[in-house]
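Biologist: I have a fold to get to know today. Can you walk me through it, one piece at a time?

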Amino acid sequence: ELVSYSDYLLRDFPNVRFPGRMRCSGAFVIDGMFVARQRYRALIGIRERLYDVAACMVVNLELGAEIRYADGSALSVADLKNTQILKPWVILPAGAGFRM
């Protein structure tokens, strides 16, 4: 299972084993669209800003994806504004059968 996540996640959580096989194209929008197309089973992000991820969030939400923090708590877009997303968060596409 291919899962998109960056080196930031590995550096911030060195003792955590993340699911799937790591893939990161280097462009968030590409990875986000791969999740929308279900080429990737999930995307795990950290340190992005809302303006970096907003389009991917909208597309994935329109397709029925689940977007939340990795710990299961709700991710409120209204709270993000221009700050970095400092907690790990996920996009799980609808029907992917993949859980964090």
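Biologist: Let's start with Y40. Buried or exposed?

Modeller: This is a predicted model, so every value here is computed from it. In it, Y40 is buried, because its relative accessibility is 8% and the cut-off for buried is under 20%.

Biologist: How many aromatic pairs are there?

Modeller: The count comes to 3 aromatic pairs. Take F28 and W89. Their ring centres are 5.9 Å apart and their planes stand at 35°, so the pair is tilted.

Biologist: Where do F28 and W89 sit in the chain?

Modeller: F28 is in helix α2 and W89 is in strand β5. They are 61 residues apart, so this pair links distant parts of the chain. Both F28 and W89 are buried.

Biologist: And which kind of pair do F34 and Y40 make?

Modeller: An edge-to-face pair. The planes of F34 and Y40 are at 80°, and edge-to-face needs an angle over 60 degrees. Their ring centres are 5.1 Å apart.

Biologist: What holds strands together in general?

Modeller: Strands of a sheet pair through backbone hydrogen bonds, either parallel or antiparallel.

Biologist: Then in which sense does β3 pair with β1?

Modeller: Parallel. β1, residues 2-4, and β3 pair over 2 bridges. Here S4 stands opposite L43 of β3.

Biologist: And in which sense do β3 and β5 pair?

Modeller: Antiparallel, over 3 bridges. β5 covers residues 89-92. G45 stands opposite W89 in β5, and L43 stands opposite I91 in β5. That W89 is also the ring partner of F28.

Biologist: Which way do the residues of β3 point?

Modeller: A42 and I44 point one way, and L43 and G45 point the other way. All of them are buried.

Biologist: What does I44 have to do with S6?

Modeller: They are in contact. Setting aside neighbours within four places in sequence, S6 touches M22, C24 and I44. S6 is in the loop between β1 and α1. It is buried too, because its relative accessible area is 18% and buried means under 20%.

Biologist: How do α2 and α3 sit against each other?

Modeller: Their axes come within 9 Å and cross at roughly 10°. The two helices are therefore roughly parallel, because that label covers angles under 35 degrees.

Biologist: Which residues meet there?

Modeller: From α2 there are F28, V29, G32, M33, V35 and A36. They meet D52, V53, C56, V59 and N60 in α3.

Biologist: Now the loops. What is phi at Q38?

Modeller: Near 60°, which is positive, and Q38 is not a glycine. Most residues other than glycine have a negative phi. Q38 is in the loop between α2 and β3. At 40% relative accessibility, it counts as partly exposed.

Biologist: What about phi at R47?

Modeller: R47 also has a positive phi, about 75°, although it is not a glycine. It lies in the loop between β3 and α3. With a relative accessible area of 30%, R47 is partly exposed.

Biologist: Last one. Where is K81?

Modeller: K81 is in the loop between α4 and β5. It counts as exposed, because its relative accessibility is 61% and exposed means over 50%. The C-alpha atoms of K81 and D7 are separated by 24 Å. Along the chain, K81 and D7 are 74 residues apart.

Methods. Residues numbered from 1 in each chain as written. Predicted model: local features only at pLDDT ≥ 70, side-chain atom pairs only at ≥ 80, totals over all residues. Heavy atoms only, no water. Buried < 20%, exposed > 50% of the residue type's maximum accessible area, 1.4 Å probe, protein only. Helix = DSSP H or I, 4+ residues; strand = E, 2+ residues; numbered from the N terminus. Pairing = 2+ DSSP bridges. Contact = heavy atoms within 4.5 Å. Phe/Tyr/Trp six-rings, centres within 6.5 Å; stacked < 30°, edge-to-face > 60°. Axes fitted to C-alpha atoms, helices over the stretch in contact; angles between N-to-C directions. Parallel < 35°, antiparallel > 145°, perpendicular 65-115°, else oblique.
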